[in-house]
Amino acid sequence: MAKKKIQNDYQAFGLTSLEVNERINRKQTNKTVKSNLKSPWKIISSNLFSYFNLILAIIAMLLIFIGSYENTWFVVIALANTLIGIFQEFKARAIIKKLSLITDSKATVVREGVELEIAVDEVVIDDIFVLSANKQIITDSIVEAGVLSVNEANITGESHSIVKTVGDTLLSGSYVINGEAYCRATAVGKDNYIESLQAKVKTLAKPKSIILNSLKLLLKYIGIIIVPLGLMTFYGAYKSSNYDYLPEFMNNTELFYNAITKMAGSMVAMVPSGLFLLTTMTFATSVIKLAKSKTLVQELYSIETLARVDTLCLDKTGTITDGTMKVEKFEFINNPPLAIDDFNESIIKKLISSMNLALNDKNQTAEALTNYFGKENYFKVKSIVSFDSQNKYSLVEFSEGIFAIGAPEMIYKSKYAKIKKQVENYAEQGKRVLLLAQVSSIKQEKIAGEVRPIAIIIIDDNIRSSAIQTIQQFNAAAVNVKVISGDNAMTVSAIAKRASIIDADKYISLDDVKDSELEQIALNYNIFGRVKPHQKKLLIEHLQNQGRKVCMIGDGVNDVLALKQADVSVSLGSGTDASRNISHLVLLTDDFAALPKVVKQGRQIVSNLEKAAVLYLVKTLYTILLTVILLFTTNIYPFEPVQMFVIETFMIGIPSFFIALEPNNRRFTGNFLVNVMKNVLPGAFIIVANLLAVFWVSSAFNIVYAAEISTVGIIAATFAYWLVLVNVATPLNWPKTILIFASAIVSIIAFTLPGLREIFKLVDLSTASFLLLLLLMETSYIIYSVFKKDLIKFWPNKIV
């Protein structure tokens, strides 16, 4: 790269205010729709106009038509659920927007000869804007002045850098590795090339939500069968009425109204109406909680994915260390034959000071070098080659010669053994070591010819005060922490050891490792040094191929490929535009000590929703099974909608919210749907068996009245559901114990208090009915205990 600075003879004037306003009026701005943020209308419509809400609305209208107003209670609950869901999503959206203002990229544009910093979406077509190292290219443009080294991996998939000079085209979504240039916007907003691809690769990739996909699949099948089963329930009532023609049946008001209410009862019970709301609300609540810890969630379901993470990959600088590097000293190469007699301390300082000015890098290492050596023009610069994460060194050509600064083993490759002992003396202390060397020539922006080492620079990188405790938390949570760094492997190992990373003494340098060999070593080491950007991606890919769920933390342009590959990507708030835009989560405080809270939140969501889903789906499954079985008999579904109030509210609704939001740090394993159904089936089968027994045994107990059969059935079903709740709530603590007892007490009150008994259509039980009820309750407990051996048997021993 011949020059990095913008040409001195280029005078940028840019657009005038009038020209900018004209383009704004023509809507030629760089506004795009953020794919990870729901619009207000989408939030309202997705919550309000759901398939199940439509079914419930039709059922409610039928019940109102026949005057059965007491059976429309489910409308109030459905409406409350919907409003709560909308409120929580709006609240989460507002928080995401507020935090996004902190991390949103800014653009430096030139207008009327003055440089201004504006929001990226305020850039208009033909704007002149400045690009520099680590910046994401915000819009398709042409280089007007200057030279850039650009990575277009987000567009093309190729990770190598491309030099862009005057007249060359830049594509939005790619990012600048180094250099500086004035550029002119040639396309904005939806007209950008990246937008036409509709791949949205400049932003984050949506993680797959196992919970959401599982529930969608389940609800799809429930939605298919619910209407036919409801209609068949009505048809069953009609056939059992002994009427030959439907109009005659409909004229019998009592039988017709009874058929409608029983059909409504079965269909309402089949709908797990609060389950989807609970899922959405739980995620939204997590976003709000994490925002208080200064963590921006850019993709809602990435929180769930974190629950399955078992491997955490991170860089050393800025995560384990705080990035505040400091040059301790420099010393000449101590091997006499390699020493250069005409270099002294004064010349070294001036030489590095001149290199700092010429390179004009903006990173922690460059800042440390500038603080120690300065940034002055002592030598005439002819050309430069900026730092490249592949080569890991920079080159400056002065009139007096060509000098390199960077990784010792990369600059002095074939003869590194000669200085290895001196370098590793500091590396094993956790120090970063740079080599200053003179080279004879440059070929294709790489060192060519003879290399003469001059001095090493020793840099100290401070470990974060919170890093040790944070990594210990991940160790305790069975998350394998791996450090993937571009630094010397020995340096990384020493720092990782101090930070409590397991097996930190087992490290490997990837400078001479072939890509084809990475698959064999990905699991064998926790410390990787001298890693190139594409190797970070390959390591994560190989870990995933071996069944690992990987979270990647990064902050630089060299982390983008790895961040995009990872199951969950996390960027630091002070990271580059490219790393923030590609990440699912952004740690605004720059401290990854906040990440264990995110992991814990994810585990809480998945583990608790797995439990809460059982409560909803037991009702759905037992209603479907019972309805199907009764279709082959002369009996019809026994319950009206109002009779399900106690189960819906005190056995499912209220307990599920408490269970979903309780602390839980269990790592999610297995298949969500399979895990749920394992717990749903026993409860559903027992309730179905109970209710069938009510029908088929009632004659033996001389119980003939439908209302009495219905009363025995709903009380027996509620008790069986209470057993399901107890099992779901296990292991118990005092809040859950209180919740379980409260559910039982409220149910008893509802079934015994005279005023409420009439509302729930319950009648007094005869001695025979009461004995049958006791028999069913005892049988339920015994059978459920066989199914679920961990069911509570002795309460005091189970309360934790």
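Visitor: Which helix holds S710?

Guide: S710 is found in helix α26, which covers residues 706–729. Helices here are DSSP runs of H or I with at least four residues, strands are runs of E with at least two, and both are numbered from the N terminus. This is a predicted model, in which local features need pLDDT of at least 70, side-chain atom pairs count only at pLDDT 80 or more, and totals for chains, interfaces and linings use all residues. Residues are numbered from 1 along each chain as its sequence is written, and side-chain values use heavy atoms, with hydrogens and water left out.

Visitor: Why does S710 count as buried?

Guide: Buried means under 20% relative accessible area, exposed means over 50%, and partly exposed lies in between (1.4 Å probe, protein chains only). S710 has 6% relative accessibility, so it counts as buried. Of the 800 residues of the protein chain, 57% count as buried.

Visitor: Which residues is S710 in contact with, leaving aside neighbours within four places in sequence?

Guide: They are P638, F639 and Q643; contact means heavy atoms within 4.5 Å. Q429, by comparison, lies 281 residues from S710 along the chain, and their C-alpha atoms are separated by 78 Å.

Visitor: What makes F330 and F332 an edge-to-face pair?

Guide: Rings of Phe, Tyr and Trp (its six-membered ring) pair if their centres lie within 6.5 Å; planes under 30 degrees apart count as stacked, over 60 as edge-to-face and the rest as tilted. By this rule the count comes to 21 aromatic pairs. For F330 and F332, the centres are 6.4 Å apart and the planes stand at 75°, so the pair is edge-to-face. F330 is buried at a relative accessible area of 12%, while F332, at 30%, is partly exposed.

Visitor: Which residues form an aromatic cluster?

Guide: F234, Y235, Y238, F249, F256 and Y257 form one.

Visitor: Why are β8 and β17 said to stand at the edges of their sheet?

Guide: Two strands pair if DSSP finds at least two bridges between them. The open sheet has eight strands in the order β8-β21-β20-β19-β9-β16-β18-β17, with mixed pairing. β8 (295–297) and β17 (507–509) each have a single partner strand, so one side of each lacks a neighbour in the sheet. The twist averages 20° from one strand to the next.

Visitor: How do you know that β19 and β20 pair?

Guide: Four bridges join β19 (residues 550–554) to β20 (residues 568–572), and the rule asks for at least two, so they pair. These strands run parallel, and I553 stands opposite V570 in β20.

Visitor: Which strands are at the edges of the six-stranded sheet?

Guide: That open sheet has the order β10-β15-β14-β13-β12-β11, with antiparallel pairing. Its edge strands are β10 (326–332) and β11 (381–385), each pairing on one side only. Neighbouring strands are turned by 25° against each other on average, direction ignored.

Visitor: Where does helix α14 lie?

Guide: Helix α14 (residues 364–373) lies across β10, β13, β14 (432–443) and β15 (446–460), at about 70° to β10. Axes are lines fitted to C-alpha atoms, for helices over the stretch in contact, and angles run from 0 to 180 degrees between N-to-C directions.
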